[in-house]
Amino acid sequence: MAVQKLPLAKALNESLRKALETDPKVLVMGLDVGKLGGVFRITDGLQKDFGEDRVIDTPLAESGIVGTAIGLALRGYRPVVEIQFDGFVFPAYDQIVSQLAKMRARSLGTVKMPIVIRIPYGGGIGAVEHHSESPESLFAHVAGLKVVTPANSSDAYWMLQQAIQSDDPVIFFEPKRRYWDKGDLDTEAIPGELHKARVAREGTDLTLLAYGPMVKTCLEAAAVAAEEGKSIEVVDLRSISPLDFDTVQASVEKTRRLVVVHEAPVFFGSGAEIAARITERCFYHLEAPVLRVGGYHAPYPPARLEEEYLPGLDRVLDAVDRSLAF
C-alpha cells in the first residue's frame, strides 16, 4: 500500500533507503551513521543492507567529513553527510562556505557539487549545550547553498529525495523535536517543487508564516484562534534559500497581515529578510506591520529553561492579537 502513516524520522530513513537503492553513486556518511544507525536512528539498518562502503562511519571530525564529501563529489559521487547535531556543524563551516558553496562558480559551472548536508536542528528535546541551535540564517546568507527544511513526514521523504538529486549543495535542516510526529506518506505521489512554499491551512484574517518545527505550533495557534472567530492562514515556507516570495505575497495580499515565526533568534533572523521583502512587495496591502516571533538574542539556555526561550502557542497568539489590533 502506497500511503503509510510514519514518524518523520522513519520517512527520512525510507528516503535514504530509496536513494541508496536507486543510485549506486549515493553514499551516506557521518558520525555513528553505520552500526549505531545515527543517534536518532535515521540511518538505522542502512549499513547492514548496503555495506560499509556506502554507509560510512566517519571519525569525529566535521571539517574532514565535509571535505571528504567534496572530494567524493568531484569524483562523481552523491554524498549525503550527517552532522550529528546542529551545534556540531561549525568546525565544518569553513569547508561549506569557502569550498562547497563556491566550487560551481569558481569553475564557471563546470564542476557540480551534489552534496546534501543533513542537520538535526532546533530545541525542545531537553538537550545540553550545542544540541539545540537554529543556525539556518548563517547558511541562507551564503550564495551557492540551497537551504530547506521539512515540517512533516511527506515532505521529509520527498524533499530529501529531491535534495539528493540536486547537482548543487543542499543544507537539509531536520526539525529534531518533530522526528516522532506521525504523518501520511504516499511514496507513489508526485512531489511538489522543492523550493515551493505550501499553504498548510487556509484563512482570511492573517497569515502565519513558519517552517520546520514551528509549522505545527502555528497550526495549533490557528486552531485556537478559530475558536475565537479568527481565520488564520498558515504557510509552510519549506525552503529558506531560495525563498518562495510569490506564495507568501499572494497570501499576504489576501489576509493583509503577516506574522513570521521561527525558533532562531529574531535579531538578524530569516524573518527580518521576509519582513523587509514583503513590506516592499505588499506595502499598499498591509494593514499592520509585519511582526516576528522567535528566540531571544541570547545563548540557548539549559534544558530546564528552554520552554521559556522557545516561541510557543502563547507568544504566537499574542503576536496575532497585536497584529489584528492595528
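**View 1. Lining of the largest pocket, by class.** The lining has 23 nonpolar, 10 polar and five charged residues; Ala, Val, Leu, Ile, Met, Phe, Trp, Tyr, Cys and Pro count as nonpolar, Asp, Glu, Lys and Arg as charged, and the others, Gly among them, as polar. The model is predicted: local features need pLDDT of at least 70, side-chain atom pairs count only at pLDDT 80 or more, and totals for chains, interfaces and linings use all residues. Residues are numbered from 1 along each chain as its sequence is written, and side-chain values use heavy atoms, without hydrogens or water.

**View 2. Centre of the largest pocket.** The volume of this pocket is about 870 Å³. Ser-134, Ser-137, Leu-138, Phe-268 and Gly-269 are the closest to its centre among the 38 lining residues. A pocket is an open set of points on a 1 Å grid over the protein atoms alone, where a 1.4 Å probe fits, with protein on both sides within 12 Å along at least five of seven lines; lining residues have an atom within 4 Å of a point. Points are joined across faces, edges and corners, and a volume is the space filled by probe spheres set on them.

**View 3. Domains at the largest pocket.** Domain 1 (4-185) and domain 2 (198-325) each give at least three residues to the lining; the bounds come from an automatic or database domain assignment.

**View 4. The second largest pocket.** Its volume is about 180 Å³. Among the residues that line this pocket are Leu-8, Asn-152, Arg-178, Asp-181 and Lys-216. By class, the lining has four nonpolar, three polar and five charged residues.
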